[in-house]
Amino acid sequence: MKVRRVRTYVPGLDEILYGGIPERNVVLLSGGPGTGKSILAKQFLYNGLTKDDEAGVFVALEEHPVSVLRSFAHFGWDITRFEKEGKFAIIDAFTSGIGSTAQREKYVVKDVDNVGELVDVLRQAIKDTSAKRVAIDSVSTLYLSKPAAARNVVMMLKRVIAGLGCTAVFVSQTSVGERGFGGPGVEHAVDGIVRLDLDEIDGTLYRSIIVWKMRDSKISMVRHPMDITDNGIVVQWDKYLRITPHSAEIKPLPKEEVEAVKKAIEEETKETGEQEKEEEEE
Ligand SMILES: Nc1ncnc2c1ncn2[C@@H]1O[C@H](COP(=O)(O)OP(=O)(O)OP(=O)(O)O)[C@@H](O)[C@H]1O
Ligand SMILES: [Mg+2]
């Protein structure tokens, strides 16, 4: 059976996923500080709204909801328009309900150590907005003080999100130089892992992205160069980054692979078109 995919519309990312994220997958977006995780999570939601008319929910655990909105605006993404239309919601799991912002907010989680409360608020926000996409920034915050609970926390969130038909990205924070993605409990519980990296080679920083796993999908098996621009993240899907302790080389992907990717994207575009036509006819 052909899997339905959710397209991120992040330039180059759907290509290295051979068409997009399989529907209802929960993807761990893992990486060190400043690697672009939060930007990518926002871009995934914003593109869903503008390109596919899919509503979204953003769970803010790391940043004040006001600064989340500012960060959308920084890239020219007018998210407040969708918030007003009821197609986008921010869940404030940052202020603990303290302060004037929280008083005006509809979705507030007072105690982040209580996953049950977060799950209830999230379920309500998904239902109210009819969301198809969810981003949690970051899940690491939920189990920082209790690593043993990590798997359980992720499974609880995954059940409600996938159960309501949503596809999600969970931001996972790792430290510089750490090889893992956020701990074994989490890494096996999620359906996909996308890792963002920042490597310093002889005084220069290089950004890159690699897909480590994606259930029900073929994936690119190389590390791709990635840029953060004024319009958001751009993945160089037709190139790969070869890093050694003293060199970084950007090389073109073999021709056959470029063709395979192009074909996958073409098929995905064709199929989306056909699905839409069917839905219109119904
Ligand atoms: N317009 C822009 N052009 C280029 N780079 C930018 C632009 N805006 C932001 N950045 C870069 O993006 C980086 C931050 O990305 P982001 O906030 O997504 O990181 P993160 O992975 O979420 O980090 P953390 O784990 O610390 O939250 C910054 O270091 C900044 O340099
Ligand atoms: Mg961040």
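This briefing walks through the fold, the ligand surroundings and a few individual residues of the structure above. The model is predicted. The protein contains 10 helices and 13 strands, and ligand 1 is surrounded by 13 residues. Helix α2 gives the largest share of that shell, three residues.

**The overall fold**

- The protein has 282 residues, for which a compact globule would have a radius of gyration near 19 Å; the protein's own value is 19 Å, so the two agree.
- If you follow the C-alpha trace along its principal axes, the protein spans about 55 × 55 × 35 Å.
- How much of the protein is buried? Buried residues account for 43% of the 282 residues.
- Among contacts between residues at least 6 apart in sequence, 66% link residues that are at least 24 apart.

**Around ligand 1**

- Which residues are the closest to ligand 1? They are G34, K37, S38, I39 and I228.
- Two elements, α2 (37-52) and β10 (224-229), each provide at least two residues of the shell.
- Sorted by class, the shell holds three nonpolar, seven polar and three charged residues.

**Helix α2**

- Helix α2 is built from 16 residues, and the distance from its first C-alpha to its last is 22 Å, close to the 22 Å expected at 1.5 Å a residue.
- Is α2 mostly covered or mostly uncovered? Helix α2 is mostly covered, with 12 of its 16 residues buried.
- Just after the helix ends, D53 takes a positive phi of about 50°.

**Strand β10 and its partner**

- Strand β10 runs antiparallel to β11 (residues 232-235), and four bridges join the two strands.
- Together β10 and β11 make a hairpin, with two residues between them.
- Where does M226 find its bridge partner in β11? The partner is V235.
- As background for looking at such strands, side chains in a regular strand alternate between the two faces of the sheet.

- Most residues other than glycine have a negative phi, and most peptide bonds are trans. The next residues are worth a look with that in mind.
- D202 is not a glycine, yet its phi is positive, near 45°. You can find D202 in the loop between β8 (192-201) and β9 (204-214).
- Why does D202 count as exposed? The cut-off for exposed is 12 or fewer other C-beta atoms within 10 Å, and D202 is exposed because it has 8.
- D216 also has a positive phi, of about 65°, although it is not a glycine. D216 sits in the loop between β9 and β10.
- D216 has 15 other C-beta atoms within 10 Å, so it is partly exposed.
- A cis peptide bond connects D137 and S138, with omega about -5°. S138 belongs to the loop between β6 (131-137) and α7 (140-143).

- *I161, in a helix.* I161 is part of helix α8 (residues 150-163). A residue is buried if 20 or more other C-beta atoms lie within 10 Å of its own; I161 has 25, so it is buried.
- Leaving out residues up to four places away in sequence, I161 touches V26, V134, C166 and A168. The C-alpha atoms of I161 and A131 are 9.7 Å apart, although 30 residues separate them along the chain.
- *I243, in a strand.* I243 lies in strand β12 (residues 239-244). Because I243 has 14 C-beta neighbours inside 10 Å, it counts as partly exposed.
- Apart from neighbours within four places in sequence, I243 is in contact with D199, I201 and A248. I243 and E200 are 43 residues apart along the chain, and their C-alpha atoms are separated by 9.9 Å.
- *D78, in a loop.* D78 is located in the loop between α3 (65-74) and α4 (79-84). D78 has 12 C-beta neighbours inside 10 Å, so it counts as exposed.
- Along the chain, D78 and P11 are 67 residues apart, and 19 Å separates their C-alpha atoms.

Key
Residues are numbered from 1 along each chain as its sequence is written. Chains are lettered from A and ligands numbered from 1 in the order in which they are written. This is a predicted model: local features need pLDDT of at least 70, side-chain atom pairs count only at pLDDT 80 or more; totals for chains, interfaces and linings use all residues. A residue is near a molecule or strand if its C-beta atom, placed from the backbone, lies within 6 Å of it. Ala, Val, Leu, Ile, Met, Phe, Trp, Tyr, Cys and Pro count as nonpolar, Asp, Glu, Lys and Arg as charged, and the others, Gly among them, as polar. The expected span of a helix is 1.5 Å times one less than its number of residues. Two strands pair if DSSP finds at least two bridges between them. The radius of gyration is taken over C-alpha atoms; the globule rule is 2.2 Å times the number of residues to the power 0.38. Two residues are in contact if their C-beta atoms, placed from the backbone, lie within 7 Å.
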